[in-house]
Amino acid sequence: MNVIVTGCAGFIGSSLAERLLQQGHSVLGIDCFSDFYPRKIKEENLKPLQDYEQFQLVAKNLLELDLSELVKPTDAVFHQAAQAGVRSSWGSQFEIYTENNILATQRLLESLVGTEIPLIYASSSSVYGETTQLPMREDHPTHPRSPYGVSKLAAEHLCQLYWENYGVRCVALRYFTVYGPRQRPDMAFHRFIRAMLTGEEIEIYGDGEQTRDFTFISDAVEANLRALASKKWGEVYNIGGGSRISINASIKLLESILGKKAKLRYKAPQRGDVTHTYADTHKAKNDLGFVPKTSLQDGLTAEVEWIQKVVLPLLTQ
Ligand SMILES: NC(=O)c1ccc[n+]([C@@H]2O[C@H](COP(=O)([O-])OP(=O)(O)OC[C@H]3O[C@@H](n4cnc5c(N)ncnc54)[C@H](O)[C@@H]3O)[C@@H](O)[C@H]2O)c1
């Protein structure tokens with residue numbers, strides 16, 4: 001196949017692109033190297049992809065490209081590009097979210113009208129917002145709690161609209177906190193591991209009893225491949241790792257993996273953060289055959305190794 005991976009220099013996009021290349025597919029990666037986190041981390045993510053002749057990078061913003069031309073020779077689009085991050089989506093920053101998350105998705109969908117090219121959209125558990133209905137199921141109400149969540153839900157609705165009105169073949173995957181090697185530096189595990197390795201304090205927002213359903217990166221990648229193969233156009237799936245744990249308990253686990261005590265500082269909860277996430281993944285299991293494989297212990301160990309070997313040396317250069 002010839003596939004497009006948008007956001008291919010980012011955490012999930014680069015991991016997905018690498019798996020596709022390993023499987024022998026040709027990948028056209030699109031990424032504008034947004035300044036949300038250091039470019040050198042994204043360049044590092046891209047290095048293994050650049051070993052493949054079948055990899056081509058278009059280092060541009062989706063909004064500046066002639067997408068109808070780009071998608072012509074393509075068999076599928078994995079749309080991972082977005083401005084991520086819940087906490088930074090308030091205030092004047094929201095414009096960045098509307099452009100990269102909503103408008104860019106709409107442009108991509110327009111370019112697929114009249115084609116049979118499927119689009120797998122990276123949605124988010126943040127579309128659910130604060131809820132007492134746990135585990136979260138795809139047919140539960142969506143009340144995002146952050147502008148980021150609103151932007152991800154808006155784009156999910158656009159996928160639905162383009163499927164219903166124009167037959168654009170879309171599937172939306174609602175990822176639940178993805179972690180592992182290449183995880184974004186703003187995300188909790190990345191921050192925690194780095195702080196513990198360098199002896200710094202870990203800032204915890206709230207009392208640490210909030211829970212997340214953590215999903216290892218290779219399981220999220222697998223879900224994308226299965227979503228394409230299953231052809232359940234117009235559907236939405238929860239992609240959760242089955243590793244639900246509180247922030248306090250995850251720090252205890254990291255302490256045992258690293259063999260050292262964390263220095264903790266508790267701060268006020270952040271606007272936009274929800275108390276719990278917990279995915280009901282029955283639908284993904286039934287329709288896609290999706291079953292997460294990696295335990296939190298193994299996944300965190302892999303992330304620790306990557307931060308030690310890649311991130312720390314990179315940041316001291
Ligand atoms: N990481 C998670 O836990 C998680 C959870 C839920 C949903 N998601 C979604 O998964 C996707 C990937 O997330 P990630 O953690 O890999 O983020 P990331 O920031 O590492 O990767 C996103 C990439 O998209 C690029 N990008 C942004 N806007 C673009 C544009 N207009 N044109 C071209 N490139 C653009 C950025 O430069 C970045 O490299 C996003 O859509 C995010 O909303 C992630």
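I looked up Val 178 first: its bridge partner in E9 is Thr 215. Strands here are DSSP runs of E, at least two residues long, and helices are runs of H or I of at least four, numbered from the N terminus. This is a predicted model, where local features need pLDDT of at least 70 and side-chain atom pairs count only at pLDDT 80 or more, while totals for chains, interfaces and linings use all residues. Residues are numbered from 1 along each chain as its sequence is written.

Next I followed the sheet. E7 and E9 (residues 211–216) run parallel and are joined by 2 bridges; pairing requires at least two DSSP bridges between two strands. The open sheet has 3 strands in the order E7-E9-E11, with mixed pairing. E7 (178–179) and E11 (243–246) are the edge strands, each pairing on one side only.

Then I stepped back to the whole chain. I found 10 helices and 12 strands. The radius of gyration, taken over C-alpha atoms, is 19 Å, close to the 20 Å of the globule rule (2.2 Å times the number of residues to the power 0.38) for 317 residues, so the chain is as compact as a globular protein of that length. The C-alpha trace spans about 55 × 45 × 40 Å along its principal axes.
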